[in-house]
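Have the viewer ready as you read.

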Amino acid sequence: ASGGDHSLTLLGKILQQFFPMRSSGEVKWKRFNLGVLQASWLKAFSGLTEIHLSHNKLTAIPAEVFRLKTVKTMNFADNKLRGLPPASGWHCDSLSLLDL
């Protein structure tokens, strides 16, 4: 494994320790007071199907989040979003619900 792969694996273990993923592939980080979202945080979870990050202080969503092909639901409601990445870069084929 390359150094980047090892770092991502280690990050995944740390995130799963403090912010466990639901057994259904769901990340639920509501009301965590998050001001920034790093795409690598979500990439650390394999089989991710739902992202719930409502009620935080996010001002942006990284474009990489819209390239997660297995995610069906994204909830970013009640944040301070200033915009979204251009839709031309979205490749989230399974996405059926986007709540802003």
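In this predicted model, the largest nonpolar core has 18 residues. Those with the most contacts inside that core are Leu 42, Leu 48, Ile 51, Leu 53, Val 65, Met 74 and Phe 76. As background, nonpolar side chains in soluble globular proteins tend to be buried together.

Leaving aside residues up to four places away in sequence, Ile 51 touches Val 27, Leu 42, Val 65, Leu 68, Val 71, Thr 73, Met 74, Asn 75 and Phe 76.

Now for the aromatic rings. The count comes to one aromatic pair. Its members are Phe 66 and Trp 90, which are stacked, with 4.2 Å from centre to centre and 10° between the planes. This pair links distant parts of the chain, 24 residues apart: Phe 66 sits in the loop between strand S2 (50-52) and strand S3 (73-75), and Trp 90 in the loop between S3 and strand S4 (97-99).

How do the accessibilities of these residues read? Phe 66 counts as buried because its relative accessibility is 0%, under the 20% cut-off. Trp 90, at 24%, counts as partly exposed.

| Residue | Relative accessibility | Class |
|---|---|---|
| Phe 66 | 0% | buried |
| Trp 90 | 24% | partly exposed |

Trp 29 belongs to the loop between strand S1 (26-28) and helix H2 (39-43). Its C-alpha atom is separated by 6.1 Å from that of His 52, although the two residues are 23 residues apart along the chain.

Methods: Residues are numbered from 1 along each chain as its sequence is written. This is a predicted model: local features need pLDDT of at least 70, side-chain atom pairs count only at pLDDT 80 or more; totals for chains, interfaces and linings use all residues. Side-chain values use heavy atoms; hydrogens and water are left out. A nonpolar core is a set of buried Ala, Val, Leu, Ile, Met, Phe, Trp, Tyr and Cys residues joined through side-chain atoms within 4.5 Å. Buried means under 20% relative accessible area, exposed over 50%, partly exposed in between (1.4 Å probe, protein chains only). Contact means heavy atoms within 4.5 Å. Rings of Phe, Tyr and Trp (its six-membered ring) pair if their centres lie within 6.5 Å; planes under 30 degrees apart count as stacked, over 60 as edge-to-face and the rest as tilted. Helices (H or I, at least four residues) and strands (E, at least two) are DSSP runs, numbered from the N terminus.
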